[in-house]
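User: Hi! Could you walk me through this structure? I'd like to hop between a few spots.

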Amino acid sequence: MKSLRVVLVPLICCLCAIATEAADRLPVPDDAAQKAALVTVKDVFRQDLAAAKSATQQVELGQRMLRSLGENPAAATANYVLLVQAQGLAVKAFNPELTRQVIDELAKRYEVDPLLLRAAAIRDLGKGPTDAKLHGNLAQTALVLVDDCVEQERFEVAASALELANSLSIRAKSNDLRKQSTTRKTEVAELQKLWTDARKARDTLNKSPQDAAANDALGRYLIAAKNDWDQGLRHWVLSSDKDIQNVAKQDNDVLDALGPSSMEKNVALGDSWWDLAAKQSSPALKAAMKLRAGQWYDSTLGSLEGLTKARADQRLTESRWLNDPIVAKRMPRSRTWEKLNSRFAAAEGWFTAKFAVCQAAPFEEALSLNQVLTLWKFRPIRFRPYRTPAGLKVAAIWHKSPIE
């Protein structure tokens, strides 16, 4: 469902933003404290609350309440009540943007559940007069919430979000959204089963790390539900399914290679995953394998010609592979970068896609780093050895360059 995120209108993106949860969030104030603070808040905003008749006035008042939030811990209860009041105004005005801002603040400041808050907000915003555009947008928002719930393994909230998506699509009179809701319900049910199997598999692997069936089950969940190919492949190389095990080993070998893989290997991996996808009865697993195939095909298109290129183009489109940073991060084409980051950190340096620097690499380590970087077309532009009480060290700079 990643493609859904790409086409969502800004309104939906605003409502679906998840707040970054601070480590020092406060507990929700108790009812007695809230009741006392509510008296003060209503007294301070009495005239404003009475005058806020239109949606515009309600949103403006809600924004003023947000600007009134204090940073002193002593104001925690008053802040919470202000946020609840602002949320009420946002819902009353059917304003998703203000709703998003309130949820963001609540999740940042208090020990609340952002997923439940988002579900409640969608439900409340959907209670207004029939507005096909608003209800259609909210239905799409609910579908995105489903994805986030699955991502965080909150299947009980996902079920509620699916019900919301279906009811809102009916109010929007959108057959397409209803179809999406029905399809996604089937997909989530499958992912929940994979999750249940994965929980059992983790227990088994804690006792027997080489258990083939458990490695297969956990790999299926990590790849089909989480797009976590890095960890999923580590389990699939021990899979009880020999076809999966064979292709996973090929993929894993490419990931662990020091240098970039060849065009031939990438095309072969794309073909292997594509053929394996055709044998799967699980829709989620089939889609995941096609996505991985699409990733490998995408990495070769600039070098392919003729029918091979035409086939790769066709499969790439069908795979629904998108050059999405979130997907790419979880579907690596090499583990070299991760390994180099730690090695450069140990050498008092850093590593980026265009240049690398180290200040204190042991001489042999500097030579080793240079060898690996050369495979990725990095050229040393400074390489200065110097003596230290701990031995010979090197300060060096590399730059990504097409020059041999």
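**A chat about the model**

Analyst: Happy to. Let's start with Asn 252, which touches Leu 233, Arg 234, Val 237 and Arg 335, leaving aside residues up to four places away in sequence. Keep in mind that this is a predicted model.

User: Which helix is Asn 252 found in?

Analyst: Asn 252 sits in helix H14, residues 242-256.

User: And is Asn 252 buried or exposed?

Analyst: Buried. Its relative accessibility is 12%, and Asn 252 counts as buried because that is under the 20% cut-off.

User: How far apart are Asn 252 and Arg 333?

Analyst: They are 81 residues apart in sequence, and their C-alpha atoms are 9.4 Å apart in space.

User: Leu 233 was on that contact list. What about the helix around it, H13, how covered is that?

Analyst: H13 covers residues 229-236 and is mostly covered, with six of its eight residues buried. Those are Trp 229, Asp 230, Gly 232, Leu 233, His 235 and Trp 236.

User: Nice. Let me zoom out: how many helices and strands are there?

Analyst: The protein has 20 helices and four strands. Its C-alpha trace spans about 75 × 60 × 50 Å along the principal axes.

User: What share of the residues counts as buried?

Analyst: 46% of the 404 residues. As for contacts with a separation of 6 or more, 62% of them come from residues 24 or more positions apart.

User: Back to helices. At what angle do H3 and H6 pack?

Analyst: At about 70°, with the axes of H3 (residues 31-44) and H6 (residues 76-92) 9 Å apart. That angle makes H3 roughly perpendicular to H6, and their crossing is right-handed.

User: Which residues make that contact?

Analyst: From H3 there are Ala 33, Gln 34, Ala 37, Leu 38, Val 41 and Lys 42, and H6 brings Thr 77, Ala 78, Tyr 80, Val 81, Leu 82 and Gln 85. By class, that is eight nonpolar, three polar and one charged.

User: And H16 with H17, what's the angle there?

Analyst: About 140°, with the axes of H16 (residues 283-298) and H17 (residues 306-319) 8 Å apart. H16 is therefore oblique to H17. The crossing of these two is left-handed.

User: Who is in the contact between H16 and H17?

Analyst: H16 gives Lys 290, Leu 291, Gly 294, Tyr 297 and Asp 298, while H17 gives Ala 312, Arg 315, Leu 316, Glu 318 and Ser 319. The tally is four nonpolar, two polar and four charged residues.

User: Changing topic: why is H7 described as largely enclosed?

Analyst: Because 11 of its 14 residues are buried, H7 is largely enclosed by the rest of the structure. The buried ones include Arg 100, Gln 101, Glu 105 and Arg 109, as well as Leu 98, Val 102 and Ile 103.

User: What does H7 reach from end to end?

Analyst: H7 (residues 96-109) reaches 20 Å from its first C-alpha to its last, close to the 20 Å expected at 1.5 Å a residue.

User: Last one: Ser 169, buried or exposed?

Analyst: Ser 169 is buried, at a relative accessible area of 0%. It lies in helix H10, residues 155-171. Beyond residues up to four places away in sequence, Ser 169 touches Ala 139, Ser 174, Leu 177, Arg 178 and Ser 181.

Definitions and conventions. Residues are numbered from 1 along each chain as its sequence is written. This is a predicted model: local features need pLDDT of at least 70, side-chain atom pairs count only at pLDDT 80 or more; totals for chains, interfaces and linings use all residues. Side-chain values use heavy atoms; hydrogens and water are left out. Axes are lines fitted to C-alpha atoms, for helices over the stretch in contact, and angles run from 0 to 180 degrees between N-to-C directions. Angles under 35 degrees count as roughly parallel, over 145 as roughly antiparallel, 65 to 115 as roughly perpendicular and the rest as oblique. A crossing is left-handed if the near helix is turned anticlockwise from the far one by less than a right angle, and right-handed if clockwise. Contact means heavy atoms within 4.5 Å. Ala, Val, Leu, Ile, Met, Phe, Trp, Tyr, Cys and Pro count as nonpolar, Asp, Glu, Lys and Arg as charged, and the others, Gly among them, as polar. The expected span of a helix is 1.5 Å times one less than its number of residues. Buried means under 20% relative accessible area, exposed over 50%, partly exposed in between (1.4 Å probe, protein chains only).
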